[in-house]
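This briefing covers helix packing and ligand contacts. Please read it alongside the sequence and the coordinates.

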Amino acid sequence: MKTICVIGLGYIGLPTAAMFASTGKFRVIGVDINGNTVEAIQNGQTHLHEPCLGEKVARCVTQGTLVAQSEPAPADAFIIAVPTPITSDKQADLSYVKASAETLVPFLKPNNLVILESTVPPRTTQDILIPILAKSGLEIGRQILVAHCPERVLPGRICYEMEHNSRIIGGINDISAQRTKQLYATFVKGEMYLTDATSAEMAKLMENTYRDVNIALANELARISNKLGVNVWEAIAMANKHPRVNLHLPGPGVGGHCIAVDPWFIVEKAPQEARLIRLAREINDSMPSHVALTIKQELEGIASPKVTLLGMTYKANVNDCRESPSLKVKNILESFSFQVAAYDPMLRTANMASTLEEALAGSDLVVILVNHDAFASLDPAKVASLVRNRTVFDTKNMLEAAAWEKAGFKVIKLGC
Ligand code: SAJ
């Protein structure tokens with residue numbers, strides 16, 4: 001049986017390890033520097049809220065096909081799936097990628113395959129990964145095969161998409177790409193497209209940049225529509241009836257660890273040329289303050305106002321707060337000295353209301369920041385009975401305005 005060593009047991013590494021382990025064809029060693037993560041997985045548990053992942057991990061650990069530990073071990077293939085955040089000056093922080101590559105050098109042996117899954121700026125595989133692996137003294141491209149195989153799965157649907165999405169496989173040479181394809185073919189049902197490592201890095205960044213620029217366009221259209229008295233949601237729905245139009249939707253900003261980050265990796269490599277990409281980032285980053293200023297305007301004249309923010313995660317139906325626009329809205333409102341109550345059915349943290357009732361009690365403005373399924377069943381009459389002032393600001397167009405107006409609410413929608 002072949003052994004795969006997966007470095008990094010986060011949102012991508014753990015599901016990847018579990019998918020390989022579930023095939024029954026491999027012994028998978030998951031490695032993480034976080035002792036709590038390792039311990040949880042050793043006990044068959046996972047800290048990630050993803051459909052099917054928990055039971056998959058538990059089953060693999062019980063069957064012995066997946067083990068977790070804090071150091072790498074000899075293996076046939078190594079997969080690096082560690083975070084690549086950005087620094088405060090919007091440069092890719094590759095320290096985790098570099099450190100992971102360094103830790104596996106002592107374990108490399110001829111005929112090994114090393115795959116980088118982390119999202120990285122173009123040329124990282126060639127210019128950073130290969131020189132580190134070369135410290136093994138083995139010939140890269142012949143004795144050690146190397147590929148960049150970017151992950152493309154959507155949080156909330158990770159297990160399904162990992163199996164069914166197509167994949168881009170960027171080998172440093174043809175044999176590296178072929179070997180990587182063979183490995184992933186053990187569980188991937190989607191097409192696999194072979195290319196070189198740098199093109200694969202660029203293609204991954206282009207996917208998220210496409211979405212970021214499209215959302216920035218939607219956010220700009222929302223602000224224009226607001227000025228012109230147009231309902232942006234209806235206008236976008238109608239424009240999207242055109243067979244070649246697919247406008248994305250406005251909102252309080254773009255969060256998550258991917259779309260709000262990855263476009264900067266292109267800007268970093270080509271700052272003069274990446275003008276639209278940079279502007280889109282700036283537009284999306286300006287949305288939390290636009291939302292906060294709309295709230296401030298609405299509360300003018302109310303002494304010591306209380307605002308209730310519904311939804312603190314970066315998007316619907318996940319429990320992930322990274323780069324969440326809601327947190328930025330909350331911080332800005334607190335800087336205005338407003339009383340801010342935050343509630344999220346997906347999260348339980350100390351600085352948030354533990355019940356919806358507590359968050360709504362005595363509120364002057366209720367703001368929907370995330371379209372969690374749970375909010376679709378909010379009862380306007382019940383909310384009306386708890387708040388002080390009946391005003392609701394819907395940044396995700398999820399509330400049925402007529403029902404709320406019937407319960408006495410003033411309904412404000414972003415982009416209307
Ligand atoms: N958002 C909008 N308007 C929209 C769509 C999204 O404001 O029309 C916001 C969301 O609320 C959220 C942010 O954008 O704050 C990002 O959410 P998302 O669902 O668009 O994307 P992620 O970050 O969860 O996952 C993306 C996916 N990329 C693409 O769809 C091209 C996923 O497939 C990638 O694997 C993932 O990034 C990644 O890891 O790179």
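The structure is a predicted model, in which local features need pLDDT of at least 70, side-chain atom pairs count only at pLDDT 80 or more, and totals for chains, interfaces and linings use all residues. Residues are numbered from 1 along each chain as its sequence is written, and side-chain values use heavy atoms, with hydrogens and water left out.

**Helix α1 with helix α3**

- The axes of α1 (residues 13-22) and α3 (residues 53-63) come within 9 Å and cross at roughly 55°; axes are lines fitted to C-alpha atoms, for helices over the stretch in contact, and angles run from 0 to 180 degrees between N-to-C directions.
- Helices (H or I, at least four residues) are DSSP runs numbered from the N terminus, as are strands (E, at least two).
- The angle makes α1 oblique to α3; under 35 degrees counts as roughly parallel, over 145 as roughly antiparallel, 65 to 115 as roughly perpendicular and the rest as oblique.
- α1 and α3 cross in a left-handed sense, meaning that the near helix is turned anticlockwise from the far one by less than a right angle, whereas clockwise is right-handed.
- On the α1 side, L14, P15, A18, M19, A21 and S22 make the contact, and on the α3 side L53, K56, V57 and C60 do (contact: heavy atoms within 4.5 Å).
- The contact of α1 with α3 has eight nonpolar residues, one polar and one charged (nonpolar: Ala, Val, Leu, Ile, Met, Phe, Trp, Tyr, Cys and Pro; charged: Asp, Glu, Lys and Arg; polar: the others, Gly among them).

**Helix α8 with helix α11**

- α8 (residues 197-228) packs on α11 (residues 275-298) at about 50°, with the axes 8 Å apart.
- These two helices are therefore oblique to each other, and the crossing is left-handed.
- T209, D212, V213, I215, A216, N219, E220 and R223 of α8 meet residues of α11 including L276, I277, A280 and R281.
- The residues of the contact of α8 with α11 comprise eight nonpolar, five polar and four charged.

**Helix α4 with helix α5**

- The axes of α4 (residues 95-104) and α5 (residues 124-133) come within 9 Å and cross at roughly 20°.
- That makes α4 roughly parallel to α5, and the crossing is right-handed.
- K98, A101, E102 and L104 of α4 meet I128, L129, I132 and L133 of α5.
- In the contact of α4 with α5 there are six nonpolar, no polar and two charged residues.

**Ligand**

- Of the 21 residues around the ligand, E151, V153, K204, R211 and Y314 come nearest (near: a heavy atom within 4 Å).
- A polar backbone atom of V153 is 2.7 Å from a ligand oxygen atom.
- A polar side-chain atom of N208 lies 2.7 Å from an oxygen atom of the ligand.
- For G255, a polar backbone atom is 2.9 Å from an oxygen atom of the ligand.

Definitions and conventions. A polar contact is a pair of N or O atoms within 3.5 Å; within protein, one must be able to donate a hydrogen and the other to accept it, and residues adjacent in sequence count only if both atoms are side-chain atoms.
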